Amino acid sequence: MVKLEKSSSKIRKFGPGEFFAMLMLIAFAVTILYPLIWMVISSMKSYDEIYNDVWGFPSTWIVENYSIAWSKGISSYFMNSLIVTGTTIIVVLIIGSMAAFALARYRTRLIDLALIFIIGGMMMNPQVALIPLFNILSSLELINTRWALILPYIAYRLPLTILLIRGYFLSIPKELEESAIIDGCSEFGIYRRIYLPMSLPILLTTVVLTAFYAWNEFLFATIFIDSEALKTIPSGLMNFRDALRTDWGVLLAGMVIASIPMVILLIFLQKYLVRGLSEGSVKG
């Protein structure tokens, strides 16, 4: 009994490698978190305090900066980003999961060619396709509409989404599919009742990756949208800065508001993000 108590009271010691790895992770966490904390604190400072006391806390916490930022245009940019991002996520999930189901379920030469085509889509750089995309959207009269952002976002997120979901679908036991066929389940029924419920981690991973891309994309949002009423947060904040000029407290408040949805999304879905990426890359 005494030996058990002694062994249980021993504290596990970290080796030099583990200690160094922990220090690196702490340094990395500080590097990531400190700018966010500074932005939140500075968003409630006055103009003089931001310049004269960069690293200190505000003497008076000016919470009104957030309401001013919201009324000066952030509300419009926020809603536009919400519509564009939400639509992109829904379409990418539907098309991506259906395409991944076909690529994982069937084995033909056409399927192999489609897979190569999808992999090739991941290599297309947005900057390279900028002028052709602008010409296509102009000919379709989609410039200065939300579809000018939604359609390219869908196109650029589909290849990665299809490959990730397909890799996860390949890990689903074939016996479940065969049992469903014996019970008279249709192709769509197998997809909806077996593959989708069992693939929740990779689907949520797709939601996070697509949302992060669509919410923060800057190049297309700046070039394809000129109307102030349709601008999303990344391009809108640039005009927001020009409009406010030196009112940095209000500008930083707008940046905090723009960051909140992605921070919340990552906090609640981070475990699914790690699990989906790790399990989805096992097969493929």
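**Figure 1. Salt-bridge network of Arg105, Lys174, Glu177 and Glu187 in the predicted model.** In this predicted model, salt bridges link Arg105, Lys174, Glu177 and Glu187 in a network. The count of salt bridges comes to 3. The views that follow show each pair in turn, and then other parts of the chain.

**Figure 2. The salt bridge between glutamate 177 and arginine 105.** The closest N and O atoms of glutamate 177 and arginine 105 are 1.7 Å apart. This pair links distant parts of the chain, with glutamate 177 in helix H8 (residues 174–182) and arginine 105 in helix H4 (residues 64–105), 72 residues apart. Glutamate 177 has a relative accessible area of 9% and is therefore buried. Arginine 105 is likewise buried, with a relative accessible area of 14%.

**Figure 3. The salt bridge between glutamate 187 and arginine 105.** Arginine 105 also meets the side chain of glutamate 187 in a salt bridge, at 2.6 Å from N to O. Glutamate 187 belongs to helix H9 (residues 187–198) and arginine 105 to helix H4, so that distant parts of the chain, 82 residues apart, are linked by the pair. Glutamate 187 counts as partly exposed because its relative accessibility is 37%, whereas arginine 105 is buried.

**Figure 4. The salt bridge between lysine 174 and glutamate 177 in helix H8.** The side chains of lysine 174 and glutamate 177 meet at 3.9 Å, N to O. Both residues lie in helix H8, where a spacing of 3 residues places them about one turn of the helix apart. Lysine 174 is partly exposed, at a relative accessible area of 38%, while glutamate 177 is buried.

**Figure 5. The largest pocket and its lining.** The largest pocket holds about 640 Å³ of space. Its lining comprises 22 residues, and those closest to the pocket centre are Ile32, Leu36, Ser259, Val263 and Leu266. Two or more lining residues come from each of H2, helix H10 (200–216), helix H12 (233–244) and helix H13 (248–280). By class, 20 of the lining residues are nonpolar and 2 are polar, with no charged residues.

**Figure 6. A nonpolar patch on the surface.** Phe19, Met22, Leu23, Ile26, Val30, Tyr34 and Trp55 form this patch, and together they have about 760 Å² of accessible area. One of these residues, tyrosine 34, lies in helix H2 (residues 16–42). The relative accessibility of tyrosine 34 is 41%, which means that this residue counts as partly exposed.

Figure 7. Glutamate 141 is located in the loop between helix H6 (130–139) and helix H7 (147–169). Its phi is near 60°, a positive value in a residue other than glycine. With a relative accessible area of 69%, glutamate 141 is exposed. Asparagine 144 is also placed in the loop between H6 and H7. Asparagine 144, again a residue other than glycine, has a positive phi near 70°. The relative accessibility of asparagine 144 is 30%, so this residue counts as partly exposed.

Figure 8. The protein chain contains 13 helices and 0 strands. From the N terminus on, its elements run α-α-α-α-α-α-α-α-α-α-α-α-α. The chain has 284 residues, of which 39% count as buried.

Note on methods. Residues are numbered from 1 along each chain as its sequence is written. This is a predicted model: local features need pLDDT of at least 70, side-chain atom pairs count only at pLDDT 80 or more; totals for chains, interfaces and linings use all residues. Side-chain values use heavy atoms; hydrogens and water are left out. Patches are made of residues with over 30% relative accessible area and no salt bridge: like charges are joined within 9 Å, nonpolar side chains (Val, Leu, Ile, Met, Phe, Trp, Tyr) within 5 Å. Accessible areas come from the Shrake-Rupley method with a 1.4 Å probe; for residues, only the protein chains shown count as cover. A salt bridge is a side-chain nitrogen of Lys or Arg within 4 Å of a carboxyl oxygen of Asp or Glu. Helices (H or I, at least four residues) and strands (E, at least two) are DSSP runs, numbered from the N terminus. Buried means under 20% relative accessible area, exposed over 50%, partly exposed in between (1.4 Å probe, protein chains only). On a 1 Å grid over the protein atoms alone, a cavity is a set of points where a 1.4 Å probe fits but cannot get out, and a pocket is an open set with protein on both sides within 12 Å along at least five of seven lines; lining residues have an atom within 4 Å of a point. Grid points are joined across faces, edges and corners, and a volume is the space filled by probe spheres set on the points. Ala, Val, Leu, Ile, Met, Phe, Trp, Tyr, Cys and Pro count as nonpolar, Asp, Glu, Lys and Arg as charged, and the others, Gly among them, as polar.
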